[in-house]
Every structure is written in structure tokens, then in C-alpha cells.
Amino acid sequence: MTGRAASVSRASLGSAQRLIACAAVLAASALLAGCAVRSSGGSVGASDLLDFTPTEVQRIARHGPWPPPPARDAGNAQSGRPAAEAFGGQLFFEARLSPSGRMSCATCHVPERQFADGLPRGHGLAALERNTPSLWNAVHERWQGWDGAADSLWSQAIRPLLDPREMASDAAHVQVAIARDRTLACGYERTFGRRATAMPAQAVLVDAAKAIGAFVATLVSPRTPFDEFRDALVRGDRAAAARYPAAAQRGLRLFVGRGQCALCHVGPRFSNGEFADTGLPFFTRPGVVDPGRQGGIEALRASPYNLLSRWAEPAAGTADGLADDSMKTRHLRAQHRNFGEFKVPGLRGAAHTAPYMHDGQLATLDAVVRHYSTLDIERLHADGERILKPLQLSDRESADLVAFLRTLSSPSPSPQPKPQPVCAPT
Ligand code: HEC
Ligand code: HEC
């Protein structure tokens, strides 16, 4: 391995010096050639640190830093405005937006459950066919939903409002619900500078969705034990890095190495933001197939609320924000290979969001790892390069991989956003 050769050629350097040199190189995010974090050397705790090669350190470094710089919701001029975030936070918990009076975003995206629901598949006024994803870090997704059928948080918010199985609302009901309640009416006016009753209902629906999108854009998952390890490794702080459990280190090595997980679950969020087929069964129930990304692209192109629609605006502070954001949608075309593809989910917080996959068919992280270990190669599409193959992991390797995945979640309870009403309740 290059790591061993490099450390031999640098044997004259003291290990401390070598680590400092490595840290400096990493900090400049230049190539890591010649730097290795090695376990030999015998300082306190260092024996608990695997001898990660320069390539491994470089790959691990790519999964941070965390948290990322704040991001804005695409095509949403309200995103980043405190008044809109606060009003959107209120609307997120507001069950009266549904004519049923008992269904809000928070019914399915439960704050105490990482903004997911713990069910295999979402359940609103009727049963859904897909698992409810966590909303942590959703603003950093290029596409929303397992099939990417929305290209912004605000347009993603409109779907459940209108879907008869979810909140079963419509523009007129949303307008009346906001206009009739003094706190909500006041919040709307403070946020948008006009009365909800002075606007066409559809414009109020989009405004409400944009405020909700601004709120969802603020949801960022907390730092985790992995982040402490990753930062220590990058700094060259071996004592701190050695505090990361040995099983997690071995699992991480598999994740960025032989397991090839990081080819898709890459970057600080552990997702490349794209779509893939992982060889799970297609059928949602006998005879019914979920087309995944293929249907998502068709739905997105047909959506009256996509980034090419008249409802999309340049993001606050950027004159050309719209042009950049809408480009990705403009060039999208469904292809044959998109059939049965689903979004590569980020893995932060995943320890707390069982069950897994787009339809919740795998109950635990152990089951997910078992899937990758034994998957049916015949089931996978042949087009495109074939990344996945059955890994045939040993019991210990599987346990290590799971131990690593668990370190992507914060052990302490997640901080709960507490939206302050824009106007005090009366
Ligand atoms: C009945 C349950 C339910 C309700 C109510 C609901 N959602 Fe969802 N949400 C889901 C499910 C299920 C998905 C996955 C949809 C898909 O892939 O087609 C989802 C997906 C999302 C996503 C995409 C996340 C990602 O990482 O891809 C966002 C954002 C979101 N919902 C926000 C909201 C907002 C905002 C509201 C309220 C206006 C809301 N949801 C109401 C169940 C629900
Ligand atoms: C080819 C890209 C690709 C590779 C390689 C890959 N994954 Fe995935 N992963 C996905 C996709 C796509 C999904 C969602 C699949 C679905 O819902 O149908 C997923 C889902 C998951 C989930 C469930 C997350 C959730 O919230 O439901 C976990 C955990 C996971 N992968 C871990 C791994 C591990 C560990 C490896 C390496 C052994 C790996 N993945 C390799 C693409 C990939």
C-alpha cells in the first residue's frame, strides 16, 4: 500500500512532526501523498488507532466537516428570513391546514423521531407506499422524495398538503385556515407584507409552502462521534482519534474500502444526492410496482410548482439564484435505467430512523448490512457500471459496519427547534 511505502520513506521524520505535516496538507485539502496516521509509535492510546493509509484518511476526510455551511431552499426568496422561518415553523405543526383538523407535517415528520415516524410506510388519512424520511439536512438535497419528484422544499411541502391520503387540503382551505386564525393571519401579514385574503388562494398556498420550506431548511442534524473522530484524524490528533471505538474504525475502513459504500454514500451527508438500484424487490404489493426515479422525473416535469414554473423566485441575495437552481430541472429526462432507482439516502441520524429503505422493508441496520452482504446480483439492472456485488461479510465485519453506522448519530437527544410565533397567540 502507498501508506506503508510513504511512511518508510519518511522514517526519518518524528511521528509528531509527520502528523503535523499531514494535518497541514489536509487542511489545505491538497493531495495526501506521503502522509499517514500510523498506530506504531506507542504513545498513550495510540495503539487503539488503526493504521489508516493516506488514501483512507483522505476518503474519511471527505465525510466532513460538519455542520456544513447553511443552505437556502431553491427558488424560495423566503428561505433564510427569520420571520418566514418562524411562521413556517408554526405552519409545520398546524393541523388545521388539513380540513380533517388532525393532520400536520409533524404528524409524520415527528421532531422527537428525527422528523420521521418510525413506521415502515407513512400513514396519513390513508396508508402511503413509502417510508417517511427524516427531514434533517433535507435542504442539502438536490431532489426531494425517494423518487426526487420535487426540486425544492417548498414544492415538496405542497404535495402532502394536497394529497388526499395525507392532509387532503386545497388552496382555498389553506387560505381560509390562515385568514380565520388571528395568530396565523398576523404571521402571514408580517411575513409577506400583505393580507392572506387579498391574494388568490393558489398564491397563499405557495406562500405557506415557502414559509414551511424556509423552516425545514433550518433543520440540521447534530455533530456525532464520527465527526469528532474525523476531525481528530484530519488534525493529526491521535489521542483524540483513538477514543473512537475500534469496531467503528474497522467498520469505517470497510465502508470507504472493500464495501464500496462511499461510492454512493459520500460527502458530509453520506449521499451523492443521486439515485440507484440496490437490488431490493420492486413490488410494493402483489402486482404493483414502484417505478421510483422514472416516475419521479415524470412527476417533477409535470409539476405546476417546479423550479421552471412561475412560482419559483430567485433566492434572497442572489440575482441569478433561479437560473442556477432551475438548470438541474431543465435538463432532466427520464431514462430506462431510472426505473426502480431510489434516492441514495444520507446516513446521518440513521441509527434512530428504523425501519429502512424507500418502503421500510428492512427493520434494522443489521438487516440493511445483511442485504448488501447477500444481495441478488441477478435482480440488479445490468446497464450502467455495476458497483454493487454481494459483499459476503463475516459476522464480525457485519457487526463492525453496523457499529460504524451507529456513530453517525448523536447519542444525546437531538436538539428540538422551537419556532417562536411571529405574532403572539391571542
Ligand atoms: C402522511 C404522512 C406525511 C405528511 C403529513 C407529510 N409528509 Fe413529508 N414525507 C412523507 C413521505 C412518505 C415522504 C416520502 C415521499 C416520497 O418519496 O414520495 C415524505 C417526504 C418529504 C420530504 C422529502 C425529504 C427527502 O429527504 O427526500 C420533505 C422535505 C417533506 N416530506 C416535508 C413535508 C412537509 C413540509 C409536510 C407538511 C406540509 C409533510 N412533509 C407532510 C410523509 C408525510
Ligand atoms: C450503488 C449505490 C449504493 C451503494 C454502493 C451503497 N448504497 Fe446504501 N443505499 C443506496 C440507495 C439507493 C438506498 C435506498 C434504496 C431504497 O430505498 O430502495 C440505500 C440505503 C441505505 C441505507 C438505509 C438508509 C435509510 O434511511 O433508509 C443504509 C443504512 C445504507 N444504504 C448503507 C449502506 C452501506 C453500509 C453500504 C456499503 C455496504 C451501502 N449502503 C452501499 C445506494 C447505495
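Predicted model: local features only at pLDDT ≥ 70, side-chain atom pairs only at ≥ 80, totals over all residues.
Figure 1. Residues are numbered from 1 along each chain as its sequence is written, while chains are lettered from A and ligands numbered from 1 in the order in which they are written. Local features need pLDDT of at least 70, side-chain atom pairs count only at pLDDT 80 or more, and totals for chains, interfaces and linings use all residues, whereas side-chain values use heavy atoms, with hydrogens and water left out.

**Figure 2. The iron atom of ligand 1 and its donor.** H109 is the single protein donor to the iron atom, with its NE2 atom 2.1 Å away. Donors are N, O and S atoms within 2.8 Å of the metal (3.2 Å for Na, K and Ca); water is not among the atoms, so sites may look incomplete. H109 itself lies in the loop between helix 5 (105–108) and helix 6 (153–162). Helices (H or I, at least four residues) and strands (E, at least two) are DSSP runs, numbered from the N terminus.

**Figure 3. Polar contacts of ligand 1.** An N or O atom in the side chain of K343 is 2.7 Å from an oxygen atom of ligand 1. A backbone N or O atom of W146 lies 2.8 Å from an oxygen atom of the ligand, and a polar side-chain atom of R159 lies 3.4 Å from an oxygen atom of the ligand. A polar contact is a pair of N or O atoms within 3.5 Å; within protein, one must be able to donate a hydrogen and the other to accept it, and residues adjacent in sequence count only if both atoms are side-chain atoms.

**Figure 4. Surroundings of ligand 2.** Among the 23 residues around ligand 2, C261, C264, H265, H358 and Y372 come nearest. The side chain of H265 places an N or O atom 2.8 Å from a nitrogen atom of the ligand, and a polar side-chain atom of Y372 lies 2.7 Å from a nitrogen atom of the ligand. For H358, a polar backbone atom is 2.6 Å from an oxygen atom of ligand 2. Strand 4 (342–343) and helix 15 (365–374) each supply at least two residues of the shell; the largest share, three residues, comes from helix 15. By class, the shell has 17 nonpolar, five polar and one charged residues.

**Figure 5. Packing of helix 4 and helix 9.** Helix 4 (residues 82–92) and helix 9 (residues 201–216) pack at an angle of about 100°, with axes 7 Å apart. Axes are lines fitted to C-alpha atoms, for helices over the stretch in contact, and angles run from 0 to 180 degrees between N-to-C directions. The two helices are therefore roughly perpendicular (65 to 115 degrees). Residues in contact (heavy atoms within 4.5 Å) include F87 and L91 of helix 4 and I212 and F215 of helix 9.

Note on methods:
Parallel < 35°, antiparallel > 145°, perpendicular 65-115°, else oblique. Near = heavy atom within 4 Å. Nonpolar A, V, L, I, M, F, W, Y, C, P; charged D, E, K, R; others polar.
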